[in-house]
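These are my notebook entries on one protein chain. I record what I looked up, in the order in which I looked it up.

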Amino acid sequence: MKFALILLLTLSSHFSIAQLFPGEGDNIDYLITSGKKAPISVGDDDHQQVVFFLLPTEYSSSFYIRVYDPETGGAIDEKVDSLDTETSFIVYGGKGNYSDSISRSVSYQKNSSGISLKKRTFGSTTNYQKKWFTFGPFNPKRGEFVESLNGYVFKLVIEGISGDDVNLYKLALSSSDKANINVAGANIFTYEYSFRLKSASSSICHLYPYMDQKIVSIRQYNFDTDNDAVLRLYSIKKKGEIASVSGNGNWGSSEHKIDQEEKGKCLDLQLKKKASWHNDVVMYVLNQYNEAVPFFASPIGGAVNPKFTFKSDK
Ligand SMILES: [Ca+2]
Ligand SMILES: [Ca+2]
Ligand SMILES: [Ca+2]
């Protein structure tokens, strides 16, 4: 799938903190990936997360991909019996890392298209507990050039390769290896988002799936929501359209029409927590051709905090 859009770099100058994933406006603290032996009822359906990093064509300096708390070693993570989980993180660049259709799969596939640039496996140690581990430096030109995004794309594949604990972590794209410093015009996106809802009752998290010009309807899928949240869709046309949520260890889904005015922007998909306990969920959105739709860390088209302007190329 190609996006029917072109990125125009119209960046606000005050935007200076690094690109984070979960995004700043998501109100989500951590991504989750469980070990391969964990039952899917813990909230991760496939023990894998695939995240893309977009560097604008104009940016030519080195950049870094940073991971907060990459190990499954304690304080932040969810321990099940003894800690025995290993998580591999592999950074891919090169042709096909993004454009190969396997990269947008929403169910488990061995995802190794492109060129492997860096790999590291983290176990149950605490060397990086509540600290950032840095991959890089990377030359942006070693990514895959994607014309429709007007930039170079890299892929990070995160997989729980052993154990049964749940690894919680977050990601950043930075121009520095020592701190999280913004790369103007960069973005982070995924086609399947595995994360932990905030524990507090009534807290609201936001996901921003992008509606391109060819979309007429979408179907949202959510896994293991435990009937513990209310899911609503917001946009220029939707003022809280209700969507179906799942129970324990299963998928919920619902179909939603997309109007012309909603295209070229992200929807704001909101999950409002019911009870106050921690809950891990997975979400993806398909268009009417059953193609996965990207969730962007920095929402496009002004869902909450616009930093980009996209224009249609069709
Ligand atoms: Ca364990
Ligand atoms: Ca962790
Ligand atoms: Ca859950």
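In which loop does Lys130 lie? I found Lys130 in the loop between E7 and E8; strands (E, at least two residues) and helices (H or I, at least four) are DSSP runs, numbered from the N terminus.

**Entry 1: conventions and confidence.** I note that this is a predicted model, in which local features need pLDDT of at least 70, side-chain atom pairs count only at pLDDT 80 or more, and totals for chains, interfaces and linings use all residues. Residues are numbered from 1 along each chain as its sequence is written, while chains are lettered from A and ligands numbered from 1 in the order in which they are written. I looked up pLDDT, the predictor's confidence in each residue, from 0 to 100. The chain averages 90, and 90% of the residues score at least 70. Residues 1-15 have a pLDDT below 50, yet this stretch has 43 contacts in the model beyond near neighbours in sequence; two residues are in contact if their C-beta atoms, placed from the backbone, lie within 7 Å. Over residues 303-314 the pLDDT also stays under 50, and the model has 40 contacts for them beyond four places in sequence.

**Entry 2: the whole chain.** I counted zero helices and 24 strands. The radius of gyration, taken over C-alpha atoms, is 18 Å, close to the 20 Å that the globule rule gives for 314 residues, so the chain is as compact as a globular protein of that length. The rule itself is 2.2 Å times the number of residues to the power 0.38. Of contacts between residues at least 6 apart in sequence, 83% join residues at least 24 apart.

**Entry 3: the core.** I found that buried residues make up 50% of the chain; a residue is buried if 20 or more other C-beta atoms lie within 10 Å of its own, exposed if 12 or fewer, and partly exposed in between, with C-beta atoms placed from the backbone. The largest nonpolar core has 76 residues, and Phe53, Leu173 and Ile188 touch the most other members. Such a core is a set of buried Ala, Val, Leu, Ile, Met, Phe, Trp, Tyr and Cys residues joined through C-beta atoms within 7 Å. Beyond four places in sequence, the contacts of Ile188 include Phe21, Phe53, Leu173 and Ala297.

**Entry 4: a sheet.** I traced an open sheet of four strands in the order E14-E21-E17-E18, with antiparallel pairing; two strands pair if DSSP finds at least two bridges between them. E14 (204-207) and E18 stand at the edges with a single partner strand each, so one side of each lacks a neighbour in the sheet. E17 (residues 229-234) and E18 (residues 239-243) are joined by four bridges, and a hairpin of four residues connects E17 to E18. Leu231 has Ala243 in E18 as its bridge partner. E17 pairs with E21 (residues 268-273) over six bridges, where Arg232 stands opposite Gln270.

**Entry 5: backbone details.** I returned to Lys130, whose phi is near 55°, a positive value in a residue other than glycine. Lys130 is exposed, with 11 other C-beta atoms within 10 Å. Asp81 likewise has a positive phi of about 55°, and lies in the loop between E5 (63-68) and E6 (86-93). Asp81 counts as exposed, with 8 C-beta neighbours inside 10 Å. I also noted a cis peptide bond from Phe21 to Pro22, with omega near 5°. Another cis bond joins Gly136 and Pro137, with omega about 15°.
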